[in-house]
Amino acid sequence: MNRYPRNMAGYGANAPDPKWPNDAKVAVQFVLNYEEGGENCVLHGDAASEAFLSDIAGAAQWPGQRHWNMESIYEYGARAGFWRLHRLFTGASIPVTIYGVATALARSPEQVQAMIDADWEIASHGLRWVEHKDMPPEEERAAIAEAIRLHTEVVGERPRGWYTGRCSENTVRLVAEEGGFDYISDTYDDDLPYWAEYGDRDQLIIPYTLEANDMRFATAPGYITGEQFYQYLKDAFDVLYAEGSAGAPKMMSIGLHCRLIGRPGKLAGLKKFIDYIAGFDGVWTPRRIDIAHHWAATHPPARIDRPSQMDRDTFVAKFGGVFEHSPWIAERAHDLELGPAHDSAVGVHSALCRMFRSASAEERLGVLCAHPDLAGKLAAAKALTAESTAEQASAGLDHLTDEERATFTRLNTAYTDKFGFPFIIAVRDHDKAGIMAAFEARLQNDRDTEFTTACKQVERIARLRLEDML
């Protein structure tokens, strides 16, 4: 099957109400990445020094050498930045989630104890703060297992959340297959958590952020002052708070790094933001594990039969009758590049309509001719498909007076004689009088106009049928 794995649909226009505790309008979640001591360094067995996310402009790796300046910047995060942030968040009574690199945690026992004493969540940020994009799957699987082992040894309990950051295309799948994580955050694709299916496992995904993130102090385009960081966070919060006040609560993730936001001038913007949101009611500031537990209890996973994953026979058996007596449309649609975006009424309708629209004029005429007359002989003989029977009944066409039946017979005959195919209309969009009026009006069209109109009505009927099915 030609299948496209990326999910471009998400919740779409119908995002669920997260039902945050105490009817909060927005969940503001702070993440503090603890990477200091887990970065690239020849002391750690790496081939070169670190070059990522520091205040050194244009930093490059130094092969085979220690980069003293880079090391000292990371050390600042552990020695000073962490404690400044610890005072800020404990003073504001806001619990945070630590993304802890296991080897970094092992080299920072005092900081780990302070995290535990503050009841902060310590999630896993992998074994080491290095790039994974070229790592073979089995090597990455082993690194995940070792990260869990070392984290458990250092912290006293295994991590329940995971974020690699510098991940590979295999990371989320491999972490999900490990089976012990309440959530994974290696995505940036939504404002709410969602469930993803990996084999038999339903894995909760809590998306993270790279924009409401102090890493932008070290990347371009980025922040220069703490005030710029504050203004961006404020703007994001104001939009999300307004959405929540309008009945659509969301989640706001904020990413922080000890060696970056822990600098005094940068921290001023974060402190100003924390003071700002303290002035609002209905703001929940949880740890990520709290979001995970809430979501699992409030919105547990619910699997559906996914059209994009159906084999051909199942797909055609289910959708072959959506276009009246024309299973060939579903057969062709199954060969398209289907994916998660097609696992809905709109998605299947799009695939089926593409095949109908790209068919020859003769094939489309065959679809039109497969439709029954309205209130015609097939209806009288109770020989319609179940779908057509229900549709005609919805407009009262199964209960006609003798005069109404005679009128429909006259109109059907006149229409078919003129156009060469039966009159087609999505009867559920109309009442009996509206159908009669459309019948009379469309009889005045030329054939090309009416052929186009009839085809659009066929698509509309298909859409309504699919909405009933899915």
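Select Ser253 and Pro207 in this predicted model: the Ser253 side chain reaches the backbone oxygen of Pro207 at 3.4 Å.

Is Ser253 buried or exposed? Its relative accessible area is 8%, under the 20% cut-off, so Ser253 counts as buried. To see what surrounds Ser253, show Gln29, Tyr208, Thr209 and Ala212, which are among the residues it touches beyond four places in sequence.

Next, go to helix 1, residues 68-91, and pick out Phe82. Phe82 is buried, with a relative accessible area of 0%. Which residues does Phe82 touch, leaving aside those up to four places away in sequence? Show Leu32, Tyr34, Gly77, Gln111, Ala114, Met115, Trp120 and Cys258. Then draw a distance between the C-alpha atoms of Phe82 and His257: they are separated by 8.5 Å, although the two residues are 175 apart along the chain.

The last stop is helix 8, residues 264-277. With 14 residues at 1.5 Å a residue, helix 8 should span 20 Å, and its end C-alpha atoms are 20 Å apart, which agrees. Select Lys266, Leu267, Gly269, Leu270, Phe273, Ile274 and Ile277, which are buried in helix 8. Turn the view to look down the helix axis: the buried residues of helix 8 fall within an arc of 150°, so they line one face of the helix.

Conventions. Residues numbered from 1 in each chain as written. Predicted model: local features only at pLDDT ≥ 70, side-chain atom pairs only at ≥ 80, totals over all residues. Heavy atoms only, no water. Buried < 20%, exposed > 50% of the residue type's maximum accessible area, 1.4 Å probe, protein only. Polar contact = N/O pair within 3.5 Å; in protein donor to acceptor, adjacent residues only side chain to side chain. Contact = heavy atoms within 4.5 Å. Helix = DSSP H or I, 4+ residues; strand = E, 2+ residues; numbered from the N terminus. Expected span 1.5 Å × (residues − 1). Arc of directions from axis to C-beta.
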